[in-house]
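Please read them with the structure open.

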Amino acid sequence: MLHTPINFVAFNTNAPILRILVRILKRGASWECIGVSEIEKLQTTLQNTPTDVLVIGVGGKEPYLSELEAYCANNDIHIIHHYGGGSGLLFNSIQAYLDQKEQTR
């Protein structure tokens with residue numbers, strides 16, 4: 001899992017939590033991650049950055065979330081909602097994404 005190349009964008013309005021989330025998402029040998037703390041800037045970041053997975057934490061609000069979900073669905077970007085619970089839970093969500101990706105090949 002940690003050697004599979006993945007480009008993440010992580011969103012969380014809590015800056016200290018976002019820094020931790022980005023650090024965790026850069027643990028993989030071939031993982032890259034950009035952190036965004038303002039939901040209004042998130043779609044622009046997704047449009048300008050190669051992204052495989054969007055990790056959404058606290059601070060997401062409508063109508064932005066609905067727009068982001070539609071954008072991600074149309075651009076083959078997987079969404080993981082992660083509101084805490086430790087890195088093990090996050091890694092399980094990433095593994096589920098990789099398993100799903102493998103099955104669609």
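1. Basis. This is a predicted model, in which local features need pLDDT of at least 70, side-chain atom pairs count only at pLDDT 80 or more, and totals for chains, interfaces and linings use all residues. Residues are numbered from 1 along each chain as its sequence is written, and side-chain values use heavy atoms, with hydrogens and water left out.

2. Backbone. The loop between β3 (53–56) and α3 (64–74) contains Pro63, and the peptide bond that joins Glu62 to Pro63 is cis, with omega near 0 degrees. Helices (H or I, at least four residues) and strands (E, at least two) are DSSP runs, numbered from the N terminus. Asp76, in the loop between α3 and β4 (78–81), is not a glycine but has a positive phi of about 55 degrees. Asp76 is exposed, at 70% relative accessible area; the classes are buried under 20%, exposed over 50% and partly exposed in between (1.4 Å probe, protein chains only).

3. Nonpolar cores. A nonpolar core is a set of buried Ala, Val, Leu, Ile, Met, Phe, Trp, Tyr and Cys residues joined through side-chain atoms within 4.5 Å. The largest has 18 residues, and those with the most contacts inside it are Ile6, Phe8, Ala10, Leu25, Val55, Leu90 and Ile94. At least two residues of this core come from each of β1 (6–11), α1, β2 (31–36), β3 and α4. A second, separate core of 13 residues includes Phe11, Ile39, Leu54 and Ile56.

4. Aromatic rings. Rings of Phe, Tyr and Trp (its six-membered ring) pair if their centres lie within 6.5 Å; planes under 30 degrees apart count as stacked, over 60 as edge-to-face and the rest as tilted. The count by this rule is two pairs. Phe8 and Trp31 have ring centres 5.3 Å apart and planes at 70 degrees, so this pair is edge-to-face. Because Phe8 is in strand β1 and Trp31 in strand β2, the pair ties together parts 23 residues apart in sequence. For Trp31 and Phe91 the centres are 6.0 Å apart and the planes at 40 degrees, so that pair is tilted. Trp31 in strand β2 and Phe91 in helix α4 are 60 residues apart. Phe8 and Trp31 are buried, as are Trp31 and Phe91; Phe8, Trp31 and Phe91 form one aromatic cluster.

5. Cysteines. How many disulfides does a search of the whole structure find? The search finds zero, where a disulfide is a pair of cysteine sulfur atoms within 2.5 Å. The sulfur of Cys72 is 14 Å from the closest cysteine sulfur, in Cys33, which is too far for a bond. Cys33 is buried at 8% relative accessibility, and Cys72 is buried at 1%.

6. Pockets. On a 1 Å grid over the protein atoms alone, a pocket is an open set of points where a 1.4 Å probe fits, with protein on both sides within 12 Å along at least five of seven lines; lining residues have an atom within 4 Å of a point. The largest pocket holds about 210 Å³ of space, and its lining includes Asp52, Cys72, Asp76 and Tyr97. The largest share of that lining, three residues, comes from α4. The second largest pocket has a volume of about 170 Å³, and helix α1 (residues 15–25) gives the largest share of its lining, four residues. A volume is the space filled by probe spheres set on the points, which are joined across faces, edges and corners.
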